[in-house]
Amino acid sequence: MKKLKVGIIGSGNIGTDLMYKIERSDALQMSVMVGIDPESEGLKRAAERGYEVVANGIDGLMEKLELVDIVFDATSAKAHKHHSELLVAAGKKVIDLTPAAIGPFTVPTVNLDEHFEKPNLNMVTCGGQATIPIVNAISRVVEVEYAEIVATVASKSAGPGTRANIDEFTHTTSKAIEQVGGAKKGKAIIILNPAEPPILMRDTVHALMADEGQEQAVIKSINDMVKEVQSYVPGYRLRGAPQFDGRKVSVFLEVEGAGDFFPPYSGNLDIMTAAAAKVANEMAKQLMAAEV
Amino acid sequence: MTQRSFEILDVTLRDGSHAMKHAFTEQHVRDTAKGLDLAGVNYFEVSHGDGLGGSSLQYGLSKVDELKLIEAAADVCKTSKVSVLLIPGIGIKEDLQEAVKAGAKMVRVATHVTEADVAAQHIALGRELGLKTVGFLMMAHMASVEKIVEQAKLFESYGAEVIYVTDSAGYMLPHEVTERISALKQSVGCEIGFHGHNNLSMAMANTVAAVEAGATYIDGSLRALGAGSGNTQTEVMVAVLERLGYSTGIDLYKIMDVANEVVAPFMQRPQEITGSSLIMGYSGVYSSFLLHTQTAAEKFGVDERDILVELGRMKAVGGQEDLIYDVAQSFAAKKAQ
């Protein structure tokens, strides 16, 4: 089967982990890693594995556009704006792992079908990828008046960008809980835990449903959704059964990463790259089916 | 007016929010604020127990919007200033801007003792808005003295004017307080504060240790109304520190009056050291977990103490209230097997 060629801008941890995930994809071919530091670990690893390497950023990539069909951006919100303008004008598909959110929020198990055609898709946040499927699983059964998520991640898995802009996580995730999850109102909380050995990412979803009485259907919908997410994040699990208290339901999750480049406790980073790879893979299948 | 030896900052209307299950009314706040103002307390805090934006299913929904409570407090103050708590990850910069519109004059930006770097933007905003800006290192028992010094230096570099050592679990003993406050006095230029909890009956002893080591901001709550077994009792602290020869600037009778005539009547339960709060202090668990643990223990038919010991073992940090229900459920499941 013909595969679509992938470029990754940003040769840091996220970009490197993504590279390993692309290698396992059935519709994508890792092609080029783009960085700005020739000495960076990510560029070295990409070169060792036989991929093209560009060390002068977007300018270098723009000279080798034939190398890519789909480009992932794992840099920063500010840089992404510039990258996206150039790449979209050149007719490339762009998947945004930064908080820039130029394109629609995309969560593979929830709204990927709506956005295949769009030139730029945004991957929300790690907490969003882990919890919005559950919010949606509830809201497809019963109206959700309010949903709140609490993401607890190991301190070691929260990079300097996340730390310096922690409010961005809150803003973006809350908005996506509403727009993608289907809750009328959303709220997001993030907690960093420095325990050693590092803890697995934990996520809790609290939702206020419009009515009681749909508990069994809600549980079934959540279980179905967990299975779907497990298709690209095998370590995505419920912790115990959903807990009901009147109209309130609380769902407890943990996310163990695949351990590609990040250690397994960094489920928060893994679910971002896994979701992005899933989106690109499905998109590639659609595009190729359309060509035939 | 005599020179004050230090500032006593009253947290009844913020830490007490935990003990009140976040059900403060405007009347409670107005009456308490008036009393604190009259007694000569320069700063007191009003917010949801978990800080601005804390009203949530995770921590408990506020009965009355905290902005209304801040406004009510600011409205009755002649000289006292209203402080707000902001925990990055829970509250956001916009919450602080709203709080300032409602009348807040001080912000205390709180992080877990090892995570100060999430607070840079919030501390900078506090300064920008002209607030007295404080960095608040929570669960200070969980880090070494060197680590606390390192994190305090970060707060200072972001612009914090005061840095607090916060014994959120009521775990610390006086010599540990002395060690931490002294180390900070030596290594940072800002003023140093101490916030205690009474889970091991050490709040007053720790407060005295902090003052003697050079702390110049000291927290207390009226009738000890706060999370867990509550805080250092403000009115008692005034008496103790005056006897030690310090000048608090606070009128003892007036602070006793607001404690006993205003706060005591609306308290939902006495601030005793119960079996659970003792275990919190003993195993180093965040004090606001107390009432959530009681609820979870009841719901799942397990011993509160087992839950708390497990949370201590797991090194849970402030804000992880969801973990209580998770742990309780897994104990219940094990019991059923």
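## Where the two chains meet

Let's start at the contact, which draws 25 residues from chain A and 25 residues from chain B. On the chain A side, the elements giving two or more residues are strands S7 (144-154), S8 (186-193), S9 (201-209) and S12 (248-256), along with helices H7 (160-164) and H8 (166-179). S8(A) hands over the largest share of that side, with 6 residues. Sorted by class, the chain A side that touches chain B has 10 nonpolar, 9 polar and 6 charged residues. Keep in mind that this is a predicted model.

## Strand S12 and its partners

S9(A) runs antiparallel to S12(A), and 8 bridges join the pair; here A:His206 sits opposite A:Ser250.

Strand S10 (residues 235-238) of chain A is also antiparallel to S12(A), with 4 bridges, and A:Gly235 has A:Glu256 as its bridge partner. Then there's strand S11 (residues 243-245) of chain A, which pairs with S12(A) in the antiparallel sense over 3 bridges. In S12(A), A:Val249 stands opposite A:Phe244. S11(A) and S12(A) make a hairpin with 2 residues between them, and A:Gly246 in the turn has a positive phi of about 65 degrees.

## A look at chain B

Over in chain B, you'll find 14 helices and 8 strands. Its C-alpha atoms fill a box of roughly 70 × 45 × 40 Å along the principal axes. Chain B has a radius of gyration of 18 Å, which agrees with a compact globule, because one with 337 residues would come out near 20 Å.

Of the 337 residues in chain B, 61% are buried. Among chain B contacts with a separation of 6 or more, 78% are between residues 24 or more positions apart.

Methods:
Residues are numbered from 1 along each chain as its sequence is written. Chains are lettered from A and ligands numbered from 1 in the order in which they are written. This is a predicted model: local features need pLDDT of at least 70, side-chain atom pairs count only at pLDDT 80 or more; totals for chains, interfaces and linings use all residues. The radius of gyration is taken over C-alpha atoms; the globule rule is 2.2 Å times the number of residues to the power 0.38. A residue is buried if 20 or more other C-beta atoms lie within 10 Å of its own, exposed if 12 or fewer, and partly exposed in between; C-beta atoms are placed from the backbone. Two residues are in contact if their C-beta atoms, placed from the backbone, lie within 7 Å. Ala, Val, Leu, Ile, Met, Phe, Trp, Tyr, Cys and Pro count as nonpolar, Asp, Glu, Lys and Arg as charged, and the others, Gly among them, as polar. Two strands pair if DSSP finds at least two bridges between them.
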